[in-house]
Amino acid sequence: MSGRQLIAGTLPRAERRGRVERHLLALSGGGYRGLFTATVLARLEDEIGGVSVARRFDMVAGTSIGGILAIGLACGVPGASLAAVLRGHAPAIFRPRPVTFGGLVGARYGSAGLAKAITTALTPSMAQRPFREIPAPLIICAIDELTSAPRIFRTDAASGGQGDDVPTIDVALATSAAPTYFPPHRIDGRNHVDGGLIANAPDMLLLTEAIRLYGSSVEECHLLSVGTAGSPRLGRVTGSPGKFGWAARHGLIDLIMSAQEVLALRQAEALGPGTFMRIDAEPPQPIALDTVDTPTTELLVTLAHQAVDKVKGTRAEKVRRFLAHVPAREAR
């Protein structure tokens with residue numbers, strides 16, 4: 001998918017087989033609704049005494065805002081700090097550009113505010129560090145705009161030493177460049193756009209990558225998936241069937257991302273991993289990717305706490321198993 005041939009079972013045989021449980025963390029995309037995700041992650045870290053939740057998983061994957069959060073976690077940034085940066089920088093990230101007519105003749109927002117938020121969360125040196133050097137098995141999804149091909153960015157730890165030698169901030173900006181919302185991001189002379197168009201919920205991508213890297217069976221994989229309090233964006237059933245009609249009635253980009261997410265989650269669950277647990281919530285009304293007002297902020301935080309409380313009440317043992325897991329790299 002990324003132009004490199006990665007063979008199955010890249011890790012040494014002793015680290016691959018023998019009924020070894022592999023715990024996987026998938027973080028969905030959803031714009032500012034990523035505040036829900038970051039708050040959930042902060043709550044999970046509270047459960048394990050402030051230890052980074054990334055240290056409890058063998059591999060992490062994220063797309064769009066989920067990709068940015070996954071990068072932050074893998075770099076050791078606490079979930080609470082990620083949530084604080086997102087809240088503090090949201091007005092600058094989603095500050096409309098002039099003369100774009102709501103994104104019809106150009107990206108609605110520039111990338112400068114998002115780049116500053118990412119740099120603040122990671123620190124300038126971490127933001128410029130080659131992505132391959134992040135010391136955790138991490139995969140992030142984007143799309144090559146010219147070819148429509150997936151671009152899967154992998155750290156060395158997620159690719160047997162064949163990771164992407166690209167500045168980390170470039171990966172973060174590429175995975176979150178949602179069409180009409182943010183401009184494409186250029187890497188190696190090619191434009192990249194949001195991976196949410198094909199893997200807004202990166203669950204299936206994560207499962208296949210883990211099976212390839214570790215040589216695991218599906219049953220040996222235990223997947224924790226965290227959403228963004230999304231819900232189907234309801235469109236009108238009447239109106240023009242043309243391009244502008246679809247955009248006006250449905251919010252076409254949001255529709256594509258939501259549909260992909262539903263399909264991926266159903267496929268992942270049907271595949272039958274050893275554990276499949278989704279932490280998510282449905283708001284009383286759909287929340288747009290770029291709604292950043294105070295009531296929305298408060299609602300996302302409230303929904304996140306309610307979602308964690310619910311899963312702790314109904315699947316407490318599964319939550320404990322996820323948070324007690326120590327990957328082989330951490331046990332050394």
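1. Arg-108 is partly exposed at 22% relative accessibility, where buried means under 20% relative accessible area, exposed over 50%, and partly exposed in between (1.4 Å probe, protein chains only). Its side chain meets that of Asp-290 in a salt bridge (3.0 Å, N to O); a salt bridge is a side-chain nitrogen of Lys or Arg within 4 Å of a carboxyl oxygen of Asp or Glu. The pair links distant parts of the chain, 182 residues apart: Arg-108 in the loop between α3 (79-93) and α4, Asp-290 in the loop between β8 (275-279) and α11 (294-314). Helices (H or I, at least four residues) and strands (E, at least two) are DSSP runs, numbered from the N terminus. Asp-290 is buried, with a relative accessible area of 15%.

2. On the basis of these notes: this is a predicted model, in which local features need pLDDT of at least 70 and side-chain atom pairs count only at pLDDT 80 or more, while totals for chains, interfaces and linings use all residues. Residues are numbered from 1 along each chain as its sequence is written, and side-chain values use heavy atoms, with hydrogens and water left out.

3. The count of salt bridges comes to 14. One of them joins the side chains of Asp-156 and Arg-132 (2.9 Å, N to O). This pair also links distant parts of the chain, with Asp-156 in the loop between β4 and α6 (168-175) and Arg-132 in the loop between α5 and β3, 24 residues apart. Asp-156 is partly exposed, with a relative accessible area of 24%, and Arg-132 is partly exposed at 25%.

4. Within helix α8 (residues 203-214), Glu-209 and Arg-212 are three residues apart, so about one helical turn separates them. They form a salt bridge whose closest N and O atoms are 3.3 Å apart, and both residues are buried. Elsewhere, salt bridges that share partners join Arg-151, Asp-164 and Asp-188 into one network.

5. How many residues of β3 are buried? Seven of the seven are, so the strand is largely enclosed by the rest of the structure. In a regular strand the side chains alternate between the two faces of the sheet. In β3, Leu-138, Ile-140, Ala-142 and Asp-144 point one way, and Ile-139, Cys-141 and Ile-143 the other way.

6. Which strands pair with β3? Pairing requires that DSSP finds at least two bridges between two strands. Strand β2 (residues 59-63) pairs with β3 in the parallel sense over four bridges, and Thr-63 stands opposite Cys-141. Strand β4 (residues 150-154) runs antiparallel to β3 and is joined to it by five bridges, with Arg-154 as the bridge partner of Ile-139. Strand β6 (residues 190-194) pairs with β3 in the antiparallel sense over three bridges; here Asp-194 is the bridge partner of Ala-142.

7. β3 and β4 form a hairpin with five residues between them. In its turn, Ser-148 has a positive phi of about 65 degrees. Most residues other than glycine have a negative phi, and most peptide bonds are trans. Two further residues deserve a look on this count. Thr-123, not a glycine, has a positive phi of about 85 degrees; it sits in the loop between α4 (112-122) and α5 (124-128) and is partly exposed at 33%. Asp-188, also not a glycine, has a positive phi of about 55 degrees. Asp-188 lies in the loop between β5 (185-187) and β6 and is exposed at 63% relative accessibility.

8. Asp-144 belongs to strand β3 (residues 138-144) and is buried at 10% relative accessibility. Its side chain reaches the backbone nitrogen of Leu-146 at 3.0 Å. Leaving aside neighbours within four places in sequence, Asp-144 is in contact (heavy atoms within 4.5 Å) with Ala-149, Arg-151, Arg-190, Asn-191 and His-192.

9. How many disulfides are there? The count is zero, taking a disulfide as a pair of cysteine sulfur atoms within 2.5 Å. Cys-141 is buried at 1% relative accessibility, and Cys-221 is buried with a relative accessible area of 0%.

Note on methods. Polar contact = N/O pair within 3.5 Å; in protein donor to acceptor, adjacent residues only side chain to side chain.
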